[in-house]
Amino acid sequence: MKRSVAVTIAGQHYTIKSDADEAYVQSLAVLVDQKVREVQRGAKSAAPHAVAVLAALQIADELTRSQEELVRERSRRADLRRRVRDKSRSIRALIDREVKA
């Protein structure tokens, strides 16, 4: 069920309709507010919409880098599982040979 959540980002008040928990929506707003303020400090003369776009680009960059890292970690984990499985097979084969000898 969608509910309204009041948030403040860069001094502007917004009402967000969301199915998500209010605390979660608030935490997202805090993250966006922090990023907008960070961009504002570095681009004092930028128009508000430009600050918002730059903040969105930075958040998108962080998200993309995190997703790429997740893909790399999943690949490393899959590779490790394959290596463990192969080693286990080798050890079992060695034990079987020794038991038969």
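User: Where is Arg 37 found?

Analyst: Arg 37 is found in helix 1. Helices (H or I, at least four residues) and strands (E, at least two) are DSSP runs, numbered from the N terminus. This is a predicted model, where local features need pLDDT of at least 70 and side-chain atom pairs count only at pLDDT 80 or more, while totals for chains, interfaces and linings use all residues. Residues are numbered from 1 along each chain as its sequence is written, and side-chain values use heavy atoms, with hydrogens and water left out.

User: Ok. What relative accessibility does Arg 37 have?

Analyst: 36%, so Arg 37 counts as partly exposed. Buried means under 20% relative accessible area, exposed over 50%, and partly exposed in between (1.4 Å probe, protein chains only).

User: And which residues is Arg 37 in contact with, leaving aside neighbours within four places?

Analyst: Ala 10 and Gly 11. Contact here means heavy atoms within 4.5 Å.

User: What does Ala 10 count as in relative accessibility?

Analyst: Partly exposed, because its relative accessibility is 24%.

User: Let's do salt bridges. How many does the structure hold?

Analyst: Nine. A salt bridge is a side-chain nitrogen of Lys or Arg within 4 Å of a carboxyl oxygen of Asp or Glu.

User: Which residue forms a salt bridge with Arg 37?

Analyst: Asp 33, with the closest N and O atoms 3.0 Å apart. Both residues lie in helix 1, four residues apart, which is about one turn of the helix.

User: Is Asp 33 buried or exposed?

Analyst: Buried, as its relative accessible area is 15%. Arg 37, at 36%, is partly exposed.

User: Which residue's side chain meets Lys 35 in a salt bridge?

Analyst: Glu 62, at 2.5 Å from N to O. Glu 62 lies in helix 2 and Lys 35 in helix 1, so this pair ties together parts that are 27 residues apart in sequence.

User: Buried or exposed for Lys 35?

Analyst: Lys 35 is buried, with a relative accessible area of 9%. Glu 62 is partly exposed, at 39%.

User: What else does Lys 35 touch?

Analyst: Not counting residues up to four places away in sequence, Lys 35 touches Ala 55, Gln 58 and Ile 59 along with Glu 62. Helix 1, which holds Lys 35, covers residues 22-42.

User: And Glu 69, which residue forms a salt bridge with it?

Analyst: Arg 76, where the closest N and O atoms are 3.2 Å apart. Salt bridges that share partners join Glu 69, Arg 72, Glu 73 and Arg 76 into one network.

User: Switching to the surface. Which residues gather in a patch of positive charge?

Analyst: Arg 74, Arg 77, Arg 81 and Arg 85. Patches are made of residues with over 30% relative accessible area and no salt bridge; like charges are joined within 9 Å, and nonpolar side chains (Val, Leu, Ile, Met, Phe, Trp, Tyr) within 5 Å. Lys and Arg count as positive and Asp and Glu as negative, while His and the chain ends are not counted. The place of a charge is taken as NZ of Lys, CZ of Arg, CG of Asp or CD of Glu.

User: Where does Arg 77 lie?

Analyst: In helix 2 (residues 48-100). Arg 77 counts as exposed, because its relative accessibility is 53%.

User: Which residues form a nonpolar patch?

Analyst: Val 53, Leu 54 and Leu 57, with about 270 Å² of accessible area together. Accessible areas come from the Shrake-Rupley method with a 1.4 Å probe, and for residues, only the protein chains shown count as cover. Leu 57 lies in helix 2 and counts as exposed at 55% relative accessibility.

User: Last one: what Å distance separates the C-alpha atoms of Ile 91 and Lys 44?

Analyst: 64 Å, for two residues that are 47 residues apart along the chain. Ile 91 is found in helix 2 and counts as partly exposed, at 49% relative accessibility.
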